[in-house]
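Colleague: I would like to go through the terms used for this model. Please set each value against its cut-off.

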Amino acid sequence: YLFVALIGGGIAASGQPYWIQLSIGIALTTMLALAWDILSRTGQVSLGTASFFGIGSYSSALLAPVLGDGLAWVGCVAVCASVAVALGLLTLRLRRMYFAIATLGFTLSLQVVVLMFPDLTGGAGGISPPVIAGGDPRWQLALILALVGAAMLVSDVLSGPRYRPAFFMVRSNPALATASGVPVVRTKVAAFTVSGVLAGLAGACYGGLYGYVVPGDVFNLNWSVLPLAIAILGGMDTTLGPLLGALVLRVLEEVARDVVGGVGYQVVYGAVIIMFVLLMPEGIVGLRAAVARR
């Protein structure tokens with residue numbers, strides 16, 4: 001936490017637009033990766049992170065004129081939590097690819113729903129939420145870093161001795177977990193709710209940063225696939241892994257774009273990601289243990 005605060009504070013104080021925007025991008029993807037990873041600890045692979053990212057963007061934008069900027073974020077949390085509980089009760093009895101397909105279908109359906117109510121959502125043209133922190137990039141970075149710190153704290157608590165054994169039992173052997181008195185569905189729904197709220201807050205930040213919310217952008221499947229890749233690369237079932245994964249991937253993307261340029265940088269970028277996953281199946285966090293074993 002101190003490292004994140006010092007680096008983020010130094011970048012914000014420098015006032016360099018490039019580094020501030022890069023840091024904001026890393027912070028947002030870290031929140032999404034933490035959201036995905038918390039749910040994956042129960043054994044569920046979600047492709048619905050983009051759905052809560054979009055719900056958070058739209059709910060905060062729609063509630064801001066009614067409740068004000070501050071309360072709109074509280075409303076965003078309430079909306080994301082309610083949707084997560086309802087969706088979780090319907091789908092979390094499914095496992096592995098069946099749950100992933102269900103969450104993918106939910107994300108795709110939300111794009112259609114938004115387009116069906118243009119008077120409320122702005123349709124394909126989207127809507128314009130209030131810009132957070134008065135549009136000052138330094139304060140925007142400070143706000144997002146505070147949210148990332150809170151998300152990391154939540155992840156640490158859920159990784160503690162009180163919750164980690166329950167998550168492990170639910171993931172590895174649901175029947176044994178039930179026999180041991182661990183409520184499997186309730187545990188999954190709780191993890192799904194926390195995951196949905198974190199992804200929703202990241203979406204609210206995204207809309208408030210850029211001042212517009214478009215369905216094809218916020219419900220883009222990249223927001224579901226990218227957190228998965230980041231968490232796996234950094235190290236699953238950890239708090240530090242998503243942060244390291246987001247840092248490495250975003251820096252790698254920038255370097256590949258500068259060195260290769262054009263469309264070719266995406267090929268190099270993807271190839272390096274594949275190499276990372278093959279050489280470090282336990283992620284960056286598990287690199288030290290892997291080297292020790294070798």
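Modeller: What follows takes the labels one at a time.

Modeller: This is a predicted model, so local features need pLDDT of at least 70, side-chain atom pairs count only at pLDDT 80 or more, and totals for chains, interfaces and linings use all residues. Residues are numbered from 1 along each chain as its sequence is written, and side-chain values use heavy atoms, with hydrogens and water left out.

Colleague: What is the mean pLDDT of the protein?

Modeller: The mean is 86, and 92% of residues reach 70 or more. pLDDT is the predictor's confidence in each residue, from 0 to 100. Confidence is lowest in helix α1 (residues 2–14), at a mean of 63, and highest in helix α10 (residues 184–210), at 93. Helices here are DSSP runs (H or I, at least four residues), numbered from the N terminus.

Colleague: Why are α3 and α5 called roughly parallel?

Modeller: Helix α3 (residues 49–67) and helix α5 (residues 97–116) pack at about 30°, with axes 8 Å apart. Angles under 35 degrees count as roughly parallel. Therefore α3 and α5 get that label.

Colleague: Which residues meet there?

Modeller: A50, S51, I55 and Y58 in α3 meet F106, T107, L110 and V114 in α5.

Colleague: What does S40 contact, leaving aside its neighbours within four places in sequence?

Modeller: S40 is in contact (heavy atoms within 4.5 Å) with R171 and M236.

Colleague: How do you know that F52 and F192 form an edge-to-face aromatic pair?

Modeller: Rings of Phe, Tyr and Trp (its six-membered ring) pair if their centres lie within 6.5 Å; planes under 30 degrees apart count as stacked, over 60 as edge-to-face and the rest as tilted. F52 and F192 are 5.5 Å centre to centre, with 90° between the planes. The pair is edge-to-face. F52 is in helix α3 and F192 in helix α10, 140 residues apart.

Colleague: And what makes F53 and W223 stacked?

Modeller: Their centres are 4.5 Å apart and their planes 25°. That pair is stacked. F53 lies in helix α3 and W223 in helix α12 (residues 222–234), so the pair ties together parts 170 residues apart in sequence. F53, at 1%, is buried, and so is W223, at 15%.

Note on methods. Axes fitted to C-alpha atoms, helices over the stretch in contact; angles between N-to-C directions. Helix = DSSP H or I, 4+ residues; strand = E, 2+ residues; numbered from the N terminus. Parallel < 35°, antiparallel > 145°, perpendicular 65-115°, else oblique. Buried < 20%, exposed > 50% of the residue type's maximum accessible area, 1.4 Å probe, protein only.
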